[in-house]
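Subject: Structure for your files

Hello,

Here is the structure I said I would pass on. My notes on it follow below.

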Amino acid sequence: MNIGIRLHDTKPGPLKERLASAASQGFSCVQLAMGKAVPGFSMNDAPKLLTQELAAEVREELDRAKMECAVLGCYLTLAQHSGDEAERIREIYSAHHRFAA
């Protein structure tokens, strides 16, 4: 059985430190919400920030910490929005889907 933690519930710091903290507590996987766990990551900029290069960096940090990303969190509501706001949220979700691959 794998037991995980929401990475943003660990001690604040860079991704590497948060992963080390989770691993030291005995967790083997994490829920990674980039906007909550990575300093300076803005959800509004997610479509341009969630690049293949960043995905490779995150994968390397997960591998170094011997952790798995069980959930890539987005924390945006798809319901109750219309027009431009709905399109912006769909773009952010689509960027997360590409990043997760």
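Please keep in mind that this is a predicted model. The largest pocket has a volume of about 190 Å³. Its lining is made up of L32, Q52, A55, V58, R59, L62, C69, L72, F99, A100 and A101. Of the elements, α4 contributes the most, with 5 residues. By residue type, the lining of the largest pocket splits into 9 nonpolar, 1 polar and 1 charged.

Next, the chain as a whole. The protein chain contains 5 helices and 3 strands. Read from the N terminus, the order of its elements is β-α-β-α-α-α-β-α. The radius of gyration is 14 Å, close to the 13 Å that the globule rule gives for 101 residues, so the chain is as compact as a globular protein of that length. Along the principal axes, the C-alpha atoms fill a box of roughly 45 × 25 × 25 Å.

If we take contacts between residues at least 6 apart in sequence, 64% of them join residues at least 24 apart. The accessible surface of the protein chain is about 6300 Å², and carbon and sulfur atoms account for 51% of that surface.

Regards

Key. Residues are numbered from 1 along each chain as its sequence is written. This is a predicted model: local features need pLDDT of at least 70, side-chain atom pairs count only at pLDDT 80 or more; totals for chains, interfaces and linings use all residues. Side-chain values use heavy atoms; hydrogens and water are left out. On a 1 Å grid over the protein atoms alone, a cavity is a set of points where a 1.4 Å probe fits but cannot get out, and a pocket is an open set with protein on both sides within 12 Å along at least five of seven lines; lining residues have an atom within 4 Å of a point. Grid points are joined across faces, edges and corners, and a volume is the space filled by probe spheres set on the points. Helices (H or I, at least four residues) and strands (E, at least two) are DSSP runs, numbered from the N terminus. Ala, Val, Leu, Ile, Met, Phe, Trp, Tyr, Cys and Pro count as nonpolar, Asp, Glu, Lys and Arg as charged, and the others, Gly among them, as polar. The radius of gyration is taken over C-alpha atoms; the globule rule is 2.2 Å times the number of residues to the power 0.38. Contact means heavy atoms within 4.5 Å. Accessible areas come from the Shrake-Rupley method with a 1.4 Å probe; for residues, only the protein chains shown count as cover.
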